[in-house]
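Please take a moment with the sequence and the model before reading on.

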Amino acid sequence: MQETSERSMPKISMGIGSLLFTLLLAVMVEPRFAQVLPQGYAIGAAAIVAVVFLLSVALHEVAHALVAHAFGARVCEIALTVYGGHTTYEGPRLKPVRSMLISLAGPGTNAILALVLSAFSQSLTPAFMNSDSAALLMVAIACQFLATLNWALAIFNVMPGLPMDGGRAFEALLRASGVNSARATIITGWTGRVIAVAVVAVPLLLALLNGTYPSPIWIVWSVLIALSLFQGASQAIAHARLLEEADMLHTSHVSREVRRLSNAATVGRERAYVERGGLYVDSDNVVLAPGAEVEQAPDDYPVHAVLTPLVKASVLEGRPEGSDLLAAMQADEAPAYLVRNDAGLVESVIFAEDVARALNARG
């Protein structure tokens, strides 16, 4: 769906929400640490967990970016948000296996971090036993808790529903097995909706069965995460349905005839064409339309003198059809697109508003 662009450094951003998440995580875990650590060290362990977990999320996104870059894509943005993060990239249409590798790079990184943090925590245990140091215990407990969080992040992200990484990998697997791309997205999007509901429902159900109640902070946080997941899945489904409609879209249905403007063309020679509103395109790919004065113009009047510029158009390469046409338009947004024939000559123009009107009529 994307078109290869020149390489540049990606935009890296961290929203205020990610900082609020870091603070909230520290507040949530500090009481647990206070059960086994002195108060000051409990706060220290909570701070370590919050900061390193934010770093873990960042490394998760960097892993996506590095693998995408290795497969020839241009990474546009790496962003940390209140719900985690996301990485966007542009590039050639990827084979399913490569899409799966990009998707699973993030969870794989968290699994590796979990193993490293767990090993480091265990390596501190003998030193703590010998020195009885509260500082060493603080670091060991924080690292072990971080290992658990990274395992949770890895496992959660490989769930087979959008917008999780596992959903994208499952989507690529479905495409590899022959499922239509839009249909694969709809399947994984609905799976993501089910997972979003389960994020809230399952913990509440388990708590009720055990006769306990989750903390208010946990309930609010799980609801926010579920809403974010549900929204992401719904957006993916809506986009897939748009692509399904676009598969029925053909260039001939939404294009208009256009002629290359020649300085030698006169109104007399082109009168029939210009009087029915025929379009022209100049050497700068600007689309022009005849004005109201055409009927009064003498035959020897130059055509370009009665034309009015409409829009500057981009050129569609390869005469794409259906969803490929829509994808090409999304990759290079413009008000109009010139279509070439097999000889490489411009023969028609597609206006973005005509495509939107056709899709709305189908929807």
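In which helix do Glu275 and Arg271 both lie, and how many residues apart are they? Both lie in helix 9 (residues 267-275), four residues apart, which is about one turn of the helix; helices here are DSSP runs of H or I with at least four residues, strands are runs of E with at least two, and both are numbered from the N terminus. This is a predicted model, in which local features need pLDDT of at least 70 and side-chain atom pairs count only at pLDDT 80 or more, while totals for chains, interfaces and linings use all residues. Residues are numbered from 1 along each chain as its sequence is written, and side-chain values use heavy atoms, with hydrogens and water left out.

Side chains of opposite charge can pair when their charged atoms come close. The side chains of Glu275 and Arg271 form such a salt bridge, at 3.3 Å from N to O, where the term stands for a side-chain nitrogen of Lys or Arg within 4 Å of a carboxyl oxygen of Asp or Glu. Arg271 is buried, with a relative accessible area of 19%, whereas Glu275 is partly exposed at 45%; buried means under 20% relative accessible area, exposed means over 50%, and partly exposed lies in between, for a 1.4 Å probe and protein chains only.

By this rule the count comes to ten salt bridges. Asp354 forms one of them with Arg256, the closest N and O atoms being 3.0 Å apart. This pair links distant parts of the chain, since Asp354 is in helix 11 (residues 352-362) and Arg256 is in strand 4 (residues 255-260), 98 residues apart. Asp354 counts as buried at 10% relative accessibility, and Arg256 as partly exposed at 37%.

Another salt bridge joins the side chains of Arg340 and Glu317, at 3.4 Å from N to O. Arg340 lies in strand 9 (residues 336-340) and Glu317 in the loop between strand 8 (314-316) and helix 10 (322-331), so the pair ties together parts that are 23 residues apart in sequence. Glu317 is exposed, with a relative accessible area of 56%, while Arg340 counts as partly exposed at 31%. Salt bridges also link Glu257, Arg259, Glu270 and Arg276 in a network.

Turning to the helices, two that pack are described by the angle between their axes and the distance between the axes. Helix 2 (residues 39-70) and helix 4 (residues 134-157) pack at an angle of about 35°, with their axes 9 Å apart; axes are lines fitted to C-alpha atoms, for helices over the stretch in contact, and angles run from 0 to 180 degrees between N-to-C directions.

Helix 1 (residues 16-34) and helix 7 (residues 216-246) pack at an angle of about 145°, with their axes 11 Å apart. Here Phe21, Leu24 and Met28 in helix 1 meet Ile217, Trp218 and Trp221 in helix 7.

An unreviewed UniProt entry places the feature "transmembrane region" at several spans, including residues 133-158 and 190-209; its positions are given in the numbering used here, feature names are shortened, and annotations may be inferred rather than shown by experiment. In the model, residues 133-158 are 92% helix and 0% strand, and their end C-alpha atoms lie 38 Å apart. Residues 190-209 are 100% helix and 0% strand, with end C-alpha atoms 27 Å apart.

Definitions and conventions
Contact means heavy atoms within 4.5 Å.
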